[in-house]
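Take a look at the structure first, then read on for how its pieces pack.

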Amino acid sequence: MNKFSELPELDYDQIQFVDSRMYPWGSWINEGRLDKPELNILYKLMKSVEPRDEPSPAICSDELGMAISEDIEMFFKKYDERMHFILFSYYVHRLTVNRIATKLREREKPQYMQPCNGKRGIRIPCLKTCKRRVEKDLALMKAIIYDILIKIEVKLAIESEKRKNIKKIRFIY
């Protein structure tokens, strides 16, 4: 993997590639959760009878979902908890950049900032500063994810080829 400083800025097609893999992964994560109300038989019955006006979001395959969880989610969980929070908020919970910035600002501790217009030097950053940081982190995160996703796609293609070869060998014997 490249150094973070060497990662190029993604173009529109690359961003679409990342989003087309990560949003279904977020739906896959949401589908896999077992909430307490789902254990209730009445809740299950009401949910099955209740009409759905909106179509269900696309869900990725289990192989791709597990690969993304193992590689990408664990990478951010291990190296940067803030990026992991942004990853989950953006792709799993589908929050906007503004909402993510608001949530991060609530958890922010006072820090030293350039004093201006009579403001103190130590303060919590404003919402616009938090939003800029989230946008910058999101762009960096997408570049990292793009790099990892390419490796995942290659790995899954190789595994698929191996499975096909094994099936051919089984038919020969």
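## Helix packing and the core

Arg82, Phe85, Ile86, Ser89 and Tyr90 of helix 4 meet Val97, Ile100, Lys103, Leu104 and Arg107 of helix 5, where contact means heavy atoms within 4.5 Å. Sorted by type, the residues of this contact come out as six nonpolar, one polar and three charged. For that sorting, Ala, Val, Leu, Ile, Met, Phe, Trp, Tyr, Cys and Pro count as nonpolar, Asp, Glu, Lys and Arg as charged, and the others, Gly among them, as polar.

Before going further: this is a predicted model, with local features needing pLDDT of at least 70 and side-chain atom pairs counting only at pLDDT 80 or more, while totals for chains, interfaces and linings use all residues. Residues are numbered from 1 along each chain as its sequence is written, and side-chain values use heavy atoms, with hydrogens and water left out.

Back to that helix pair. The axes of helix 4 (residues 81-92) and helix 5 (residues 97-107) come within 10 Å and cross at roughly 140°. Axes here are lines fitted to C-alpha atoms, for helices over the stretch in contact, and angles run from 0 to 180 degrees between N-to-C directions. The two helices are therefore oblique to each other; angles under 35 degrees count as roughly parallel, over 145 as roughly antiparallel, 65 to 115 as roughly perpendicular and the rest as oblique.

Helix 4 also packs on helix 3, at an angle of about 140° with the axes 6 Å apart. On the helix 3 side the contact uses Ile72, Glu73, Phe76, Lys77 and Tyr79, and on the helix 4 side Glu81, Met83, His84, Leu87 and Phe88. This contact, too, divides into six nonpolar, one polar and three charged residues.

Zooming out, the protein chain has six helices and two strands, running α-α-α-α-α-β-β-α from the N terminus. Helices (H or I, at least four residues) and strands (E, at least two) are DSSP runs, numbered from the N terminus. Of the contacts with a separation of 6 or more, 72% are between residues 24 or more positions apart.

What about the inside? Buried residues make up 31% of the 173 residues. The largest nonpolar core has 37 residues, and Trp25, Ile72 and Ile145 have the most contacts inside it. Such a core is a set of buried Ala, Val, Leu, Ile, Met, Phe, Trp, Tyr and Cys residues joined through side-chain atoms within 4.5 Å. Helix 6 gives the most to this core, with eleven residues. Setting aside neighbours within four places in sequence, Trp25 touches Cys60, Gly65, Ile68, Ser69, Glu73, Leu87, Phe88, Tyr91 and Val92.

| Residue | Relative accessibility | Class |
|---|---|---|
| His84 | 9% | buried |
| Arg94 | 43% | partly exposed |
| Ala58 | 53% | exposed |

His84 lies in helix 4 and touches Glu73, Phe76 and Lys77, not counting residues up to four places away in sequence. Arg94 is in the loop between helix 4 and helix 5, and its phi is near 55°, a positive value in a residue other than glycine. Ala58 is in the loop between helix 2 (41-49) and helix 3. Leaving aside neighbours within four places in sequence, Ala58 is in contact with Pro24 and Ser27.

How values were computed. Buried < 20%, exposed > 50% of the residue type's maximum accessible area, 1.4 Å probe, protein only.
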